[in-house]
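Colleague: Can you walk me through this one? I'd like to begin with a helix and then jump around a bit.

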Amino acid sequence: MIFNWRIYGLTCFLAGFSVCFAIGQQNLKNHARFSSASALDEERIHDITEDNLGFVWIGATNGTFRFDGVHLKHYFNGNTRRCIHLADQDQLIFIHTRGITRYWYLEDRSELIRLGDFSVMPNNIHNGSVFNDSTILLATQKGLGICHIASGQIEFEALQDEGGSPYILTAVVPDDQQDSVLWLGTSRKGLIRYDWGAKTQQVHTFDIEEENLQEGINIITAIYPSGNRLILGTWFAGFLDWSKEDQSYDQYFIQDKKLNDGILSLDRVLDILPINESRVWVSSTKGAAVYDFEEEKIVYRENNGNNARIFEHPPMYIDTENRIWMGRDDGLRLVDTLKKQFQVIENPYFDGELWEIPQKVIADPERNMLYFCNLVSDGLYAYDLETEKWQIIPPVSRPSYSVMKGRDIQLHRDTLWYLEESGLYFLPPDKPMLRRWNDQIAGGPGNFTHFTRMPDGSFILLSSFNGLFRTNGYQGALTPYTMPFNGEIAEALKNRGDFVHCDMDGNLWGCWREFVIVQLKGDTTLNLAPSFRDGKIIENVQDIFETEQYLWFALQYGVYRVDKRALPEILVEKVSDRNFIEIVVDESNEIWGVTPWGDFFRSRGVSSKDESWQASDGTHDPGRYGFEQIDMIGPDVVVGSRGAYSLFSPGAVIKNTELPEAFVEGVYINGLQYEVDTNLFLKKSLNLKSKENNIRFDFSAIGFTKPESIRFRYRLTDLEENWTETGIQNTSVVYTLLTGGDYTFQIMSSNDNENWTTPRAYRVHISTPFFRRKSTWVALTAILVALGLYFNRKRIRDMKKEAMLNMRLLTLEKQALRAQMNPHFVFNALTSIQHLITEDKEEKAILYLNKFSKLLRGVLHNSRRSTTRFSTELELLENYLQLEFLRLGDQYTYALIVDESIQSDDIEIQALLFQPFIENAIHHGLAHNKEGGHLKIEIRDKGDHLFCVIEDNGIGRERSAVINRGRKKDSVGMDLARERMAILTHRDVDDLIRIIDLYDGEEPAGTRVELKIPMKMQVS
């Protein structure tokens, strides 16, 4: 891209041109569409509005949609005709064909008002509006509907003409000066002024010269009141500026139709949208126009394409940011306020069949034209700045390949020169055809890429692989041109040629692969390539741009500039790291360029960050190939893509810095949608139960300028320290098996990956399970400590009690031992031995003495232990019985019966338990029976204890008590045995010892004692 400084004198003309496209009016062609709203491409959009939160609401054929730039959500069913925002009430009114939906968006609550009899006919509501934020006015198939918003009550007023036929209403609006006056549009009956207080009506009809439009002009589709005037939209008859006072009107057509021109307009007005107090947008099937009340004329017009029957995206709403929302049959569109900075020019001839790769744009002030040179096209394209018309300027004779491969254009005086790959063409000032400069050029080497004009008027042409050629404007010969190379660079022409350029000072610059050569005046030649990249190979030069002091070179490795004024001293400076294929430099020495990948950047220097510019910043959408060309037209910049160009003033353009606002739009708990009582956009906390610990957050952002570039960062504090980043393709996150506690879900967004919004925070409280709460553990700890203290004290008490019991048991055992070996028993035994000796019964005395000694030895041995083997105890018992019955005489007998299974050394019992009861039976039962008696002792095995039966046929307990009355009680052994057994078994002694009196009839017949004696199976 070589800037020809000679056309810089066009500044005055171009400054005026800049004003013409920077008047502050959005260009409808310079719009953006949303891939995230592609579902609306199949809908017919009827109306658009926004709420106080920034969401955009869209009424369409199949329902009502909410849009945030990232996500499109379907909210309500029904053919929605009007979307009305009651800002003071935070309420939206959606008027559809069968009723009215009221929606409180801060509470996420809606109410459907059905219209009763109104819904008899399909599609019966045509239009509607709101009066004083309290009443909904409905234009219906049967008349006027009045809905009181607060109560939801419906009234119906059937309006009829003079013949009694009902009016079919198509539009209704309240007057802006009189509260009781409504303006009603009808189908084929014109305009009605209706006083709904007095219930009176005045009908106004309109006439038109063309009969085929007479019916259409009285179908009023849209009404906009402004003081003493109404702007009326009609069906196929354009729009009217009508005076309330004298009923006069002017008629306008979007396509600037003149009546009686023989062409049926079919200009049906869709909507009238106010811009300010003096201007409105009028949208129709033929395009859209800005109409100025004060000037009484159309000041801006956007015509429809010739092949389209319906204007696909007319203006429908102006939001709080003064952005224009458009839509109808081809989806949703947006014209951002930033797009006022750019004038978009679309080439209507571009159809995609030819490549049409843009190469260069220049301005011609004499013809008031812009010229566009494209590679692979039908010729030179021209755009008339005054009429906004395009034309193709074809060649008189085409190259052999039929299409034109335009490479470069330059303007010299009144002649435009056009370089085609096969040769040079020119456009005479009075001829609308491109002509060859000289037929000899057609026979030249071809494959021309660039050319430049020398101070003497001749042209130097660069061929890709055949070097330079020169042609004189007067002689016309095409001859090779050789710069005065030295031996070192003589091989340069063998490489591919990149550029040739004659600068303002008459120096000739030539660029080939790995070489940058300049021929100064006086034929001095310099090679500047070693001064680039510190002597490394520069490869190809991709573009050159010239300013007053510098020549700027775009390389693959960045942008370098050469100070022309310092030549022959070579001063080269790197000024950008960006890989540009085409560049321009504005008056502030800022570099604008396009990259090999179709991106468009502004570079302010090596150390500064480059700014990316795209459709969301105001340019046109460059399409699949991106931006491919950039030029300067005076002080302004034009950047082009296939079929479209954006022009702007670099010093006044403002970069889009709007950030999207992230928010949570859905929460799911354990897989189920969380029901909230307020809109999640405003809700800041969630209180959940302990089992509600699987949470999914769905998030989005309100951002309409660059929604495709939006990025999100999120984290759940107390669980994640670092942020997780994602794009609009993945806008949900799931957290599973969260423990009880407090969390904060944070989400923020960006559309440039550098500037991020302040995190929006959502607090989440999950109840902690009872067993995980700190208070529970504190209570449990206190309980455990208390239990520990209790059981410790109890253990100490039990130990003390056990010690006392052991001491008591030891005492009892000693007492039992004393009781068993009491002096009375010993005295009796010794007396019996003495008696036997005196009677010379020595053998019997020795036997008695032997048994007594064994008994005494056994008792003394058992006294060392608290338990003894049952066999040992049984042996002692037998010795005792033999001693006692030897003493008593032969008339007394006994029987000792023991189960064989328990005659074992493996069984242990408490010592000295049997003897007290046997002694008692002998001394208190049998001894007082002079006639003798019998004692039976039976011991059985009961598993965990021994069951012992001691039975005598003595005198019984009653008689023994009478005999022993007054005597010292000598049954101490039995009492000791009872207490010992109670201590050892911890059981009721009555359950262990039973004493049963035996009778023969009514006479005492003896005593029976039953003992349950605990035993152990292992010897200790």
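Colleague: Which residues of H7 are buried?
Modeller: This is a predicted model, and in it the buried residues of H7 are Phe870, Glu873, Leu874, Leu876, Leu877, Asn879, Tyr880, Leu881, Leu883, Glu884, Phe885 and Leu888.

Colleague: What span should H7 have, and how far apart are its end C-alpha atoms?
Modeller: H7 has 19 residues, so at 1.5 Å a residue it should span 27 Å. Its end C-alpha atoms are 27 Å apart, which agrees.

Colleague: What happens just after H7?
Modeller: Gly889 follows there, with a positive phi of about 120°.

Colleague: At what angle do H7 and H8 pack, and how far apart are their axes?
Modeller: The angle is about 15° and the axes are 11 Å apart, with H7 covering residues 870-888 and H8 residues 915-926. Angles under 35 degrees count as roughly parallel, and H7 and H8 are therefore roughly parallel to each other.

Colleague: Is the crossing of H7 and H8 left-handed or right-handed?
Modeller: H7 and H8 cross in the right-handed sense.

Colleague: Which residues of H7 and H8 meet?
Modeller: H7 contributes Leu877, Tyr880, Leu881, Glu884, Phe885, Arg887 and Leu888. From H8 come Gln915, Ile918, Glu919, Ile922, His923 and Leu926. The residues of this contact between H7 and H8 are eight nonpolar, two polar and three charged.

Colleague: Why is H8 said to be largely enclosed by the rest of the structure?
Modeller: Because eleven of its twelve residues are buried. The buried residues of H8 are Gln915, Pro916, Phe917, Ile918, Glu919, Ala921, Ile922, His923, His924, Gly925 and Leu926.

Colleague: Stepping back, how many helices and strands are in the chain?
Modeller: There are eleven helices and 72 strands. The chain has 1020 residues, and 54% of them are buried. Of the contacts in the chain with a separation of 6 or more, 54% are between residues 24 or more positions apart.

Colleague: New topic. Where is Leu716, and what does it touch?
Modeller: Leu716 belongs to strand S61, residues 711-716. Leaving out residues up to four places away in sequence, Leu716 touches Tyr735, Leu738, Tyr743, Thr744 and Phe745. The C-alpha atoms of Leu716 and Ile747 are separated by 9.1 Å, with the two residues 31 apart along the chain.

Colleague: Buried or exposed, Leu716?
Modeller: Leu716 is buried, at a relative accessible area of 1%.

Colleague: Now the backbone. Is the peptide bond from Leu567 to Pro568 cis or trans?
Modeller: The bond from Leu567 to Pro568 is cis, with omega near 10°. Pro568 sits in the loop between strand S48 (558-563) and strand S49 (572-576).

Colleague: What is the phi of Glu356, and what of Asn589?
Modeller: Glu356 has a positive phi of about 55° although it is not a glycine. Asn589, also not a glycine, has a positive phi of about 60°.

Colleague: Where do Glu356 and Asn589 lie?
Modeller: Glu356 is in the loop between strand S29 (343-346) and strand S30 (357-364). Asn589 is in the loop between strand S50 (582-585) and strand S51 (591-594).

Colleague: And the accessibility of Glu356 and Asn589?
Modeller: Glu356 counts as buried at 2% relative accessibility, whereas Asn589 is partly exposed, with a relative accessible area of 39%.

Key:
Residues are numbered from 1 along each chain as its sequence is written. This is a predicted model: local features need pLDDT of at least 70, side-chain atom pairs count only at pLDDT 80 or more; totals for chains, interfaces and linings use all residues. Side-chain values use heavy atoms; hydrogens and water are left out. Axes are lines fitted to C-alpha atoms, for helices over the stretch in contact, and angles run from 0 to 180 degrees between N-to-C directions. Helices (H or I, at least four residues) and strands (E, at least two) are DSSP runs, numbered from the N terminus. Angles under 35 degrees count as roughly parallel, over 145 as roughly antiparallel, 65 to 115 as roughly perpendicular and the rest as oblique. A crossing is left-handed if the near helix is turned anticlockwise from the far one by less than a right angle, and right-handed if clockwise. Contact means heavy atoms within 4.5 Å. Ala, Val, Leu, Ile, Met, Phe, Trp, Tyr, Cys and Pro count as nonpolar, Asp, Glu, Lys and Arg as charged, and the others, Gly among them, as polar. The expected span of a helix is 1.5 Å times one less than its number of residues. Buried means under 20% relative accessible area, exposed over 50%, partly exposed in between (1.4 Å probe, protein chains only).
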